[in-house]
Amino acid sequence: MDRPAPEAPGGWPLLGHIVPILRSPLGFLPGLAKYGAVVKIRFGTLPVYVVAHPDAVRDVLVPGDIDYKRGLCFERLKPGLGEGIATASGDEHRRLRTLLQPVFSRERLVEYSTIMRTAAEEAVQKWHDGEVIQADEAMDDLALTALTRSLFRFTATEETAEAIKHGMRELTHSLLKRIVLPPAWERVPTPGNIRFRKAMARMNNAIAEVIDAYRAAGEDRGDVLSALLAVHDDDGKPLSDKELHAQVMTLALTGIEAPGATLGWVLYEIGRNPQVAERVRAELDEILGGRPPEFDDLPKLEYLGRVINEVLRLRTPLLFSRRTLKETSAGGLTIPADAEMIYSPYLLHHDARWFPDPQRFDPDRWLPEKAAKLPKNAYIPFAAGAYQCIGKIFATTELTMMTAVICARWRAELVPGTEVREVASALIRPSRLPMTVRRRATA
Ligand code: HEM
């Protein structure tokens, strides 16, 4: 018979592990793997089971919506996001997933890739040789432009885009606190909570206006919102305004912050590893020969693909939740019914058993012969199973396309003496990235 999951030491009376997880999430979470495949911690008095081994990932994520629903993290998102695909569970989730799938068809992705390339080309055109840019902000803006133009190509005014960026930033920055602290905290009128409510209201209004404008125009504009307006379920029923709103909010939440932060880290790693930079540029020159990248070029950029894989290993989403629907077994341990669980791509990706010297940036871990030796589910930047990232190809297309456009023409290096810290909330963001950009001699 399975044993119960072991409890991690270091819990405080009443507070449980809230203090260590808020104080140092990037040290605390990977440190749990030594206690077992699933480890019990406490948020206050609430027991939370942390998945800490690829076999337990298989048991929890792959059955997906049969034995598990979304849990704490997504419930805290619901008041902000509405009933979008990322907060739905079970049958409702499956219905939305089927409805949304056409939004990410190959044909649509080719269109989005052109939007992404244009956005990157426009951004670098504004750079001056030798200038210092704040690369973290520049990459956030790029991801925002790519997503808002892919979502609603013609009505993405600067004001709309700004309202969405601001709202999503507030949401992701406060997410770890929203997960860990009791819900009553959200009602306390702290400056942060007041700012949060204002930002959400502004973003909701902006999105409602865009949806109204699209409904009134009634034409396919080759973007995500047109695709969402065109979807129908088996009974021919389209998405209601409320559902549409929730999906747009969800795509904005999932589709801006993560690619923006990842792009910043990609530039950072390429900028501080001259040999990596050399190989990226040599590959770009060889495959593209100076012309702009097309969708079909992206899989040919194999080395750049390994660089992006490695960035997604090192700076990956921090944690997501699940809740058991019945007593279940994960990694050979018993998890009670109605229990909160957490899986952390960050924890798994920093486990020295699968990734020796885990802090070291080494794209060659992803050489096919080495990657083939990894246990299944040790690397899950986009999760696995029923609830995995529906935007995975959108994201990898965006990361590859934008890095290709930038690095084919520019070198970006961190301003010497800058200390870059990893700031953890729902994602790992760089504290700052002042980088000097120089036009490449060959361009
Ligand atoms: C570097 C970029 C990205 C990363 C690392 C990432 C990661 C993830 C992960 C780990 C999940 C699973 C959450 C869970 O287990 O419950 C997820 C879900 C999701 N992602 Fe992404 N994502 C990225 C970019 C995107 C983009 C660009 C989009 C949309 C354009 C997107 C849309 C979504 C949606 C809609 C879900 C919910 C899927 C569902 O519930 O069926 N993501 N993402």
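I count a residue as buried if 20 or more other C-beta atoms lie within 10 Å of its own, as exposed if 12 or fewer do, and as partly exposed in between, with C-beta atoms placed from the backbone. The model is predicted, so I took local features only at pLDDT of at least 70 and side-chain atom pairs only at pLDDT 80 or more, while totals for chains, interfaces and linings use all residues. Residues are numbered from 1 along each chain as its sequence is written.

**Backbone entry.** Most residues other than glycine have a negative phi. I looked up L14, not a glycine, and found a positive phi of about 65°. L14 is in the loop between β1 (3–4) and α1 (18–23); helices (H or I, at least four residues) and strands (E, at least two) are DSSP runs, numbered from the N terminus. L14 counts as exposed because it has 9 C-beta neighbours inside 10 Å. I then noted D357, also not a glycine, with a positive phi of about 50°. D357 sits in the loop between α15 (345–349) and α16 (368–371).

**Core entry.** I define a nonpolar core as a set of buried Ala, Val, Leu, Ile, Met, Phe, Trp, Tyr and Cys residues joined through C-beta atoms within 7 Å. The largest such core has 126 residues, of which V38, V50, V51 and A52 touch the most other members. Helix α12 (residues 241–272) gives this core its largest share, 16 residues.

**Tryptophan entry.** I placed W410 in strand β10 (residues 410–414). W410 is partly exposed because 18 C-beta neighbours lie inside 10 Å. Its C-alpha atom is 9.5 Å from that of W127, 283 residues apart along the chain.
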